[in-house]
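Take a look at the sequence and the fold below.

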Amino acid sequence: MTITRRITLHDGPDGPFESVAVVDTAAGPRPGILLFPNVLGTKEADFAYAEKVAALGYAVLVADVYGQGKRTTRADANPALYMNALNAARAVLRDRVNAAHDVLKGLAEVDPARTAAIGFCFGGKCILDLARSGADIAGGVSFHGVYDAPPFANATISARLLICHGWDDPIAPPDSMVALAQELTAAGCDWQIHAYGRTGHAFTDESANMPEKGLAYSPDADRRSFRATVDFLGDLFG
């Protein structure tokens, strides 16, 4: 198996966008996984995680939802600049995540009838909004996601969802997790929540080092959530 990275330029609402396909080009069509990054946008950590997922036998598209060249770092004056713009325009976010799904389904390495999505932090909101839109993904996994519902009605959610949640997450406290469970139940969704004790936000992010703000890497939660994801995707695609 030789996993490669391929820059994938594509159109979409207010594009262009620059996503990255992480695939074994020698293999035939296989299930495709969208990977939605955290607040900072696409970066090396996402490509490395995508390689871990691709090594399991999937084709991965690290999805750009901000637009080509629109990236931030933790050192920027406003690292949430592009995220906040989409938080204020949820219909645009919905359209962009669906456009990214269409790009995934169009990759030569992907079986378009078998797709799923995973996302981190703001990327967790992306996978939830993709599912809320009624997209034909088989399932989605949110890691330390953001749960607030959009200001418009959901479609029937056909995707199965796994929510990996840090119990002490200040961005998504327990009451927001319960509200999400109620929302997903009302939408007819097959969902499960894995809550990790003594764990805050950004638990998969080795660069997160702000425990005073409730953001910190947790090796245990990172390992457990990845194992849960492996099992979940295996259950989806058998």
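## A glycine in a loop

Glycine 197 sits in the loop between strand E8 (190–196) and strand E9 (209–210). Helices (H or I, at least four residues) and strands (E, at least two) are DSSP runs, numbered from the N terminus. Glycine 197 counts as exposed because its relative accessibility is 56%. The cut-offs are under 20% relative accessible area for buried, over 50% for exposed, and partly exposed in between (1.4 Å probe, protein chains only). Alanine 45 is 152 residues from glycine 197 along the chain, and their C-alpha atoms are separated by 24 Å.

This is a predicted model: local features need pLDDT of at least 70, side-chain atom pairs count only at pLDDT 80 or more, and totals for chains, interfaces and linings use all residues. Residues are numbered from 1 along each chain as its sequence is written, and side-chain values use heavy atoms, with hydrogens and water left out.

## Strands side by side

Two strands pair if DSSP finds at least two bridges between them. Strand E1 (residues 3–10) and strand E2 (residues 17–24) run antiparallel, joined by eight bridges. Isoleucine 3 has aspartate 24 in E2 as its bridge partner. E1 and E2 form a hairpin with six residues between them. In its turn, aspartate 14 has a positive phi of about 65°.

Other pairs are parallel. Strand E3 (residues 30–36) pairs with strand E5 (residues 110–120) over six bridges in the parallel sense. Here leucine 35 stands opposite isoleucine 118 in E5. E5 also pairs in the parallel sense with strand E6 (residues 139–143), over five bridges. Glycine 119 has serine 142 in E6 as its bridge partner.

## Two nonpolar cores

A nonpolar core is a set of buried Ala, Val, Leu, Ile, Met, Phe, Trp, Tyr and Cys residues joined through side-chain atoms within 4.5 Å. The largest one has 41 residues. Leu34, Phe36, Val65, Phe122, Leu130 and Leu161 have the most contacts inside it. Helix H4 (residues 122–132) gives the largest share of this core, six residues. Another core, of 29 residues, lies apart from it, and includes Leu35, Ala50, Leu162 and Leu233.

What does leucine 34 touch, not counting residues up to four places away in sequence? Its contacts (heavy atoms within 4.5 Å) include Leu61, Val97, His101, Ile118 and Leu130.

## Pockets and a cavity

Rolling a probe the size of a water molecule over the atoms shows where empty space is left. On a 1 Å grid over the protein atoms alone, a cavity is a set of points where a 1.4 Å probe fits but cannot get out; a pocket is an open set with protein on both sides within 12 Å along at least five of seven lines; lining residues have an atom within 4 Å of a point. Grid points are joined across faces, edges and corners, and a volume is the space filled by probe spheres set on the points.

The largest pocket holds about 340 Å³ of space. It has 19 lining residues, with Val39, Cys121, Ile171, His201 and Leu215 nearest its centre. The second largest pocket has a volume of about 260 Å³. Of its 14 lining residues, Ala45, Tyr49, Thr204, Asp205 and Glu206 are the closest to its centre. Helix H1 (residues 44–54) gives the most to this lining, with five residues. The whole structure has one cavity of 30 Å³ or more. The largest cavity has a volume of about 50 Å³, and its lining includes Phe36, Asp64, Phe122 and Cys126.
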